[in-house]
Amino acid sequence: MKLLHVDASPKSANSGSRALSRFFVDQLRAGLPALSVDYLDLAQEILPPITGLFASATYTPADQRTAEMREALAVSDALCARLLAADALLLAMPMHNWTMPAAFKTFVDTIVRSGLTYIATDDGRFVGTLGGKKVLFLTTRGVDLRPGSPFAAMDALTPALRAAFGFIGVAAPIFVDAQPMQFANEVERAAAVRRAKEDLAALAETWGDIEQQPALSKAG
Ligand SMILES: Cc1cc2nc3c(=O)[nH]c(=O)nc-3n(C[C@H](O)[C@H](O)[C@H](O)COP(=O)(O)O)c2cc1C
């Protein structure tokens, strides 16, 4: 299995989402020693902001793009290739102001590309090309936004991720959300991390099992 592992927290050593994403990769590797990981740290590899040139280039047919347009799309082309080459995606991030952190939003704007991660069909439909990949969103939140919490209605992160990745073909992503973290006492925070780790360990086993199943025989 080839995993694209993306970390989007601006924090380094003391980041909760980074610690949990590392934990998941370790769990996955324990069951899949041949796991290959392509790592992208959005705090180190700062993506360029979307420019006017990018916006016009991305909607210009590939064979009509100028050299300048091709250059404006080069980072996006390379990132889309990394995404398409992966069997599974681990996308880890903190919640920032109820939605995704800016670095991850730029990542999304960079990888939603006509002709690459989605196809506009002649009959007016949009077909995503990432179907069939396993996708895990791992998020950390300062407060508790689970159902029943006074903050539950403020979760603009989950629907935004579902919409953006649904558009490029990710129909059934998995979410593991560690919450409450920053604005909780030590006991609550430890419980949130424990719940997330339990979910991640169980998911790593499932992904490992799926990967190791022999291909179904077409005979009979
Ligand atoms: C700029 C900023 C905005 C934040 N906004 C929210 C928010 O809207 N809701 C929330 O629950 N926590 C919010 N937090 C807290 C983080 O989501 C929380 O501390 C998380 O555990 C950080 O994960 P990390 O350590 O991987 O960066 C915010 C933190 C920062 C730095």
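I started at proline 180, which lies in the loop between β7 (174-178) and α6 (186-212). Helices (H or I, at least four residues) and strands (E, at least two) are DSSP runs, numbered from the N terminus. A cis peptide bond joins glutamine 179 to proline 180, with omega about 0 degrees.

**Ground rules.** I am working on a predicted model, where local features need pLDDT of at least 70, side-chain atom pairs count only at pLDDT 80 or more, and totals for chains, interfaces and linings use all residues. Residues are numbered from 1 along each chain as its sequence is written, and side-chain values use heavy atoms, with hydrogens and water left out.

Next I checked asparagine 97, in the loop between β3 (88-94) and α4 (102-111). Its phi is near 45 degrees, a positive value in a residue other than glycine.

**Ligand shell.** Which residues come nearest to the ligand? I noted Ser9, Ser15, Ser17, Met95 and Gln182, out of 17 residues around the ligand. A residue is near a molecule if one of its heavy atoms lies within 4 Å of it. By class, I listed six nonpolar, nine polar and two charged residues in this shell. Here Ala, Val, Leu, Ile, Met, Phe, Trp, Tyr, Cys and Pro count as nonpolar, Asp, Glu, Lys and Arg as charged, and the others, Gly among them, as polar.

**Contacts.** In serine 9, a polar side-chain atom lies 2.6 Å from a ligand oxygen. Serine 9 is in the loop between β1 (2-7) and α1 (16-31). Valine 143 uses a backbone N or O atom, 3.0 Å from a ligand oxygen. For glutamine 182, a side-chain N or O atom is 2.6 Å from an oxygen of the ligand. Taken alone the ligand exposes 640 Å², and the protein buries 80% of that. The area comes from the Shrake-Rupley method with a 1.4 Å probe.

I found that the ligand takes up the space of the largest pocket. A molecule sits in a pocket if more than half of its atoms lie within 2 Å of its grid points. On a 1 Å grid over the protein atoms alone, a pocket is an open set of points where a 1.4 Å probe fits, with protein on both sides within 12 Å along at least five of seven lines; lining residues have an atom within 4 Å of a point.

**Record check.** UniProt (unreviewed entry) places a "binding site" at Ser9, Ser15, Gly16 and Ser17. From this set, the lining of the largest pocket takes in Ser9, Ser15, Gly16 and Ser17. Such annotations may be inferred rather than shown by experiment.

Terms used. Polar contact = N/O pair within 3.5 Å; in protein donor to acceptor, adjacent residues only side chain to side chain.
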